[in-house]
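Please look through the following model with care, and keep its sequence at hand while you read. The briefing below begins with the ligand and its surroundings, and then turns to some details of the backbone.

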Amino acid sequence: MIKEVVLATGNKGKVKEFSKLLEGVFGKVISLSDLDSPPEVIEDGPTFRDNALKKAREIAEYSKKLTLADDSGLEVDGLDGRPGIYSARYSGEGATNKTNIVKLLAELGDNPNRKARFVCVLALVDPNGEELVVEGFCEGVILNESRGEGGFGYDPIFYLPDRRKTMAEVEPELKNTISHRANALKKLKTELERK
Ligand code: IMP
């Protein structure tokens, strides 16, 4: 088992979710809040991959420890892949989950091409320079209006045809097994076990 890993996020929810899913892979999961004034990494890359790698590289260099970073978002086919890397700040300054959903539904209008996917890219970077990048996806369809109270972000408008529910209507335990993050972590586990 690899001894410890730094998670390049200060988001408590993500730390909890990742820690659970990484049980048995790393002995100890440390988060940014356990580091003494870590640098703020600006996510200005053109792709999820660039942003995840940038975060992992900068924090690995600073902490001198193996570091795992993620970048994720929603790609909608009828919007040529938008909001993509801009998912968190889609509706501009002071964006909230609600304002982002309103903007996305307005842009999509009655476009019949409502296929979409959540994407998660994970980058694992060793301070000695070794790097591993994996991607996870979760496919769905954008509804015309929000449904459900669970989850966060775009979950209320992201419909899972197999489950006949939105991501905000499924149990969190189920989301944690089918989400883009879960799928990326499964790939990471497989890659690490292969080493
Ligand atoms: P980040 O990976 O924290 O930068 O996530 C970027 C944005 O993508 C979030 O602010 C959400 O808008 C969206 N997003 C990422 N993962 C999810 C998810 O599981 N459900 C809904 N929205 C998500």
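In this predicted model, strand β3 gives the most to the shell around the ligand, contributing four residues. The elements that give two or more residues to this shell are β3, which spans residues 67–76, and α5, which spans residues 180–194. The shell as a whole holds 15 residues, and the closest of them are Lys14, Ser72, Asp155, Lys175 and Arg181.

- The space that the ligand takes up is the largest pocket.
- In the side chain of Lys14, an N or O atom is 2.8 Å from an oxygen atom of the ligand, and in the side chain of Arg181, an N or O atom is 2.9 Å from an oxygen atom of the ligand.

**Lys14 in its helix**

- Lys14 belongs to helix α1, which is made up of residues 12–21.
- Is Lys14 buried or exposed? Lys14 counts as buried because its relative accessibility is 19%, and the cut-off for buried is under 20%.
- When residues up to four places away in sequence are not counted, Lys14 touches Thr9 and Asp70.

**The loop between β3 and α3**

- Tyr86 is placed in the loop that runs between β3 and α3, the latter being residues 97–108, and with a relative accessible area of 47% Tyr86 is partly exposed.
- Although Tyr86 and Pro46 are 40 residues apart in sequence, their C-alpha atoms are 9.9 Å apart in space.
- Pro83 also has its place in the loop between β3 and α3, and the peptide bond leading from Arg82 to Pro83 is cis, with omega near 0°.
- Asp80 lies in the loop between β3 and α3, where it is exposed, with a relative accessible area of 71%.

**Backbone angles to notice**

- As a general rule, most residues other than glycine have a negative phi, and most peptide bonds are trans.
- Asp80, a residue other than glycine, has a positive phi, near 55°.
- Lys64, likewise a residue other than glycine, has a positive phi near 60°.
- Lys64 is found in the loop between α2, which covers residues 48–63, and β3, and at 62% relative accessibility Lys64 counts as exposed.

Terms used: Residues numbered from 1 in each chain as written. Predicted model: local features only at pLDDT ≥ 70, side-chain atom pairs only at ≥ 80, totals over all residues. Heavy atoms only, no water. Buried < 20%, exposed > 50% of the residue type's maximum accessible area, 1.4 Å probe, protein only. Contact = heavy atoms within 4.5 Å. Near = heavy atom within 4 Å. Polar contact = N/O pair within 3.5 Å; in protein donor to acceptor, adjacent residues only side chain to side chain. 1 Å grid on protein atoms, 1.4 Å probe; cavity = no way out; pocket = protein on both sides within 12 Å on 5 of 7 lines; lining within 4 Å. Sits in = over half its atoms within 2 Å of the grid points.
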